[in-house]
Amino acid sequence: MIGAMQAPPLRVTDLIDHAAREHGPREIVTRWADGTTSRSTWAEVARDARRFAAALVDLGLARGDRVATLAMNHGHHLAAWYGAAGMGGVLHTVNPRLFHEQLAYIINHAGDRVLLYDAMFAPIVEKLKPELTTVEHFIVFDGSGEDGFRALIDRSDDGFEWVTGSERDPCGLCYTSGTTGHPKGVLYEHRSNIIHALASLQPDVFDLSTRSVFLPVVPMFHANAWGVPYAAAMVGAKLVLSCTNEADVLWRLFRDEGVTHSAGVPTVWLAMFADMDANGGDYGRLRRAVIGGSAAPRAMIERLMRAGIEVAHAWGMTETSPIGTIGSRPGDWDDLSFDRQVDVVVKQGRVPYGAELRTLDDDDRVLPRDGVTSGRLQIRGPWIIETYFGDDGGPAIDADGWFDTGDVAILHPDGVMQITDRAKDVIKSGGEWISSIELENAAVGCAGVAEAAAVGVHHPKWDERPLLLVVRKPGSTVCEADILAYLSDKVAKWWLPDEIKFVAELPHTATGKILKRALRDEYRDYRLPGA
Ligand code: AMP
């Protein structure tokens, strides 16, 4: 016997239809690269999505075909996102900051048939064209000519009927940053996106409602802009999309558009603070700041919280749609001192209902949730990867559905998860582990330190010892002794770096994380003092 309730397939086209029907006039604002701003609505985005779906069919695309975008956040990107899914296709968001070879590999591997791009990326596209073996159509998102997105959709039909199908059909594709080997594709499904969006609305996750005004600084090509374009449609939140991440532009948008929610990697917030320090300004109506992608330093969390902003520290991966955990407030939050509240927020939080975590030791034994033992972090749930796209196939999970994240974490008895490191970045000193993340984040709390990276350097006695690379804030004269003194009561004595080296800048990945692999390669055989 089965139950007696309706079970329509969960499709993302129902999301955009819902947004258009129930929240039609709610605004979608785009700040374009040329400095102009345009205003659209959920109803207009839905109409443009239908026209784009019709245009794709006219171009000969069929169910399951991939449509690539090389683009920043804007209203046309949003319409293409829903339109590609609506014709049964798969929207493949490509990160324009990747190297040429990676871009060519990813687009060919995905077998993309259409490539939509922002005019600012035209030089990248021109260089790629001779190497792209599957792309048949190139469309400029912000082009005013016949080959432009606007012209294409203006020629098309509003009456297109969405392609229907299973909720398990794919609708999105995103490649991992690929710090080792080739990038791998993560193929999202209609169902996984809807369930992820439902989970992300909760007060303990994004805390979204119709009244929310969300400016995702995180790009749409970085793990679905953390799912914001889906979650916002579900509640009819206003979206503010920016083609540039320049701090002064973002602050102005925050103020002028009444932004209540924003999300970005720590480097974005650092750049925004630097601009605020130099030019003044305020947070406007900002109420909730989601920080993820790498560990949010304590000093950053404190600064936002002191300004009265709720910080939602999130952990996730391309493979987890991307929300894995997020910092929900514990029941006794209101009774905690400010410092204890910050202690809570620096950890990465809990899984929303649906996902589960566990940690394992090197012999694959499940570790206790005791708040001290760290181990390999695994996750499973309805928005977590099962297999990578294409011939990289084979299951990404074990027989019980657990996906090994490559992160090292501690699970606390109250359910809170704390990332201690990326497995590859842990510094192994005399058989014990030093968390490079904790060391770095303690160091950036020291006045005069703009950014810091801790790497394990070969040591004849201890196997590895930490070297701390530091970028000073402009005009600062902070020295090694200052930083060591500052760290002395924040980390164990044997964690203190053997040397602090000042550098002009640190390398970053295409999603704004410090490129540890490059630093490890550069400094592996560095001679530390006394080694
Ligand atoms: P990506 O798939 O490129 O977004 O990278 C995912 C990886 O980023 C994770 O496996 C973590 O190593 C790291 N990461 C994401 N969020 C956090 C966080 N809040 N704290 C520490 N590491 C994080």
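Start at tyrosine 230: with a relative accessibility of 4%, it counts as buried, where buried means under 20% relative accessible area with a 1.4 Å probe and only protein chains considered. Keep in mind that this is a predicted model, in which local features need pLDDT of at least 70, side-chain atom pairs count only at pLDDT 80 or more, and totals for chains, interfaces and linings use all residues. Residues are numbered from 1 along each chain as its sequence is written, and side-chain values use heavy atoms, leaving out hydrogens and water.

Tryptophan 81 is buried too, at 4% relative accessible area. Now for the rings. Rings of Phe, Tyr and Trp (its six-membered ring) pair if their centres lie within 6.5 Å; planes under 30 degrees apart count as stacked, over 60 as edge-to-face and the rest as tilted. That rule gives 10 aromatic pairs. In one of them, tryptophan 81 and tyrosine 230 have ring centres 5.4 Å apart and planes at 55°, so this pair is tilted. It ties together distant parts of the chain, 149 residues apart: tryptophan 81 sits in helix H3 (residues 75–86) and tyrosine 230 in helix H8 (residues 228–235). Helices here are DSSP runs of H or I, at least four residues, numbered from the N terminus.

Phenylalanine 160 and tryptophan 162 have ring centres 6.5 Å apart and planes at 70°, so they are edge-to-face. Both phenylalanine 160 and tryptophan 162 are buried. Elsewhere, Phe52, Phe141 and Phe149 make up one aromatic cluster.

Stepping back, buried residues make up 57% of the 531 in the chain.

Methods. Buried means under 20% relative accessible area, exposed over 50%, partly exposed in between (1.4 Å probe, protein chains only). Helices (H or I, at least four residues) and strands (E, at least two) are DSSP runs, numbered from the N terminus.
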